[in-house]
Amino acid sequence: SRVRQLSDDALRAFVATAILGKYVTPSRLMEVAGLSSEALIPSLHALEGLGFIGSDLDDSSSAHPLLSQVALAEMPAMTRRLMHASAAAALVTSEPATTDVARLWDAAEHWAQAGDPAKAVELLCTCADHCLRIGQPIVGCELLNRASSLHQGPGRRVILERLINSA
């Protein structure tokens, strides 16, 4: 496949772009790809030249979503999980993440993809509480529902009770 022809750095940059999606920024891309700017610049140049990504960071999502899926599937599982963890951390620490429920929800999904459901549940519950405080109970309930689907331990009952009480 075309993905297998990419250098290791270009593949990591491409996968990082796919993972970050609409949240791509230069600093997040370097963090998630684990590349310096010196390594990232030629990788992005190659990806753009081959038509894997667009020419603008605001539109650097994959030119071909199927290629993104192939690249993600071909990335070793542990590497992919670490990249998702890096994406989650980058989204949570970004300014002003504390009130951007959509970004935090996406960060929680990255924690889940990284194999850390506890962090995902914690973040989803934080988002749900925020939504309930600002008068968005439907979104809050959706978040709690997602949290309960990720949590398999004894704390799941607490999440479900919160969900029922907020409905």
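Axes here are lines fitted to C-alpha atoms, for helices over the stretch in contact, and angles run from 0 to 180 degrees between N-to-C directions. The model shown in these views is predicted.

**View 1. Helices H1 and H4 pack against each other at an angle of about 115°.** Two packed helices are described by the angle between their axes and by the distance between those axes. For H1 and helix H4, residues 65–74, the axes lie 9 Å apart. The crossing of H1 past H4 is left-handed. On the H1 side the contact is made by Leu11, Phe14, Val15, Ala18 and Ile19, and on the H4 side by Leu67, Ser68, Ala71 and Leu72. Sorted by class, the residues of this contact are eight nonpolar and one polar, with no charged residues.

**View 2. The whole protein is built from nine helices and zero strands.** Along the sequence, the pattern reads α-α-α-α-α-α-α-α-α. The protein has 167 residues, and buried residues make up 40% of them. Of the contacts between residues at least 6 apart in sequence, 52% join residues at least 24 apart.

**View 3. Helix H5 covers residues 77–93.** With 17 residues, H5 reaches 24 Å from its first C-alpha to its last, close to the 24 Å expected at 1.5 Å a residue. The buried residues in H5 are Met83, His84, Ala85, Ala87, Ala88, Ala90 and Leu91. What covers them includes helix H1 (8–20), helix H2 (26–33) and helix H6 (101–113).

**View 4. Ala77 is a residue of helix H5.** Ala77 has a relative accessible area of 45%, so it counts as partly exposed. Ala77 and Ala114 are separated by 37 residues in sequence, and their C-alpha atoms are 9.4 Å apart in space.

**View 5. Ser43 sits in helix H3, residues 37–49.** The relative accessible area of Ser43 is 4%, so this residue is buried. Apart from neighbours within four places in sequence, Ser43 is in contact with Asp9, Ala10 and Ala13.

**View 6. Helix H8 spans residues 137–150.** H8 has 14 residues, and the distance from its first C-alpha to its last is 20 Å, close to the 20 Å expected at 1.5 Å a residue. Buried residues in H8 are Gly140, Cys141, Leu143, Leu144, Ala147, Ser148 and Leu150. For Cys141 the relative accessible area is 17%, which places this residue under the 20% cut-off for buried.

**View 7. Cysteines are shown in a structure where a search finds zero disulfides.** A disulfide needs two cysteine sulfur atoms within 2.5 Å. The cysteine sulfur closest to that of Cys125 belongs to Cys127 and is 9.3 Å away, so the two are too far apart for a bond. Cys141 is in no disulfide either, and its nearest cysteine sulfur, in Cys131, is 9.8 Å away. Cys125 counts as buried, with 8% relative accessibility.

Note on methods:
Residues numbered from 1 in each chain as written. Predicted model: local features only at pLDDT ≥ 70, side-chain atom pairs only at ≥ 80, totals over all residues. Heavy atoms only, no water. Buried < 20%, exposed > 50% of the residue type's maximum accessible area, 1.4 Å probe, protein only. Helix = DSSP H or I, 4+ residues; strand = E, 2+ residues; numbered from the N terminus. Expected span 1.5 Å × (residues − 1). Contact = heavy atoms within 4.5 Å. Left-handed = near helix turned anticlockwise from the far one by under 90°. Nonpolar A, V, L, I, M, F, W, Y, C, P; charged D, E, K, R; others polar.
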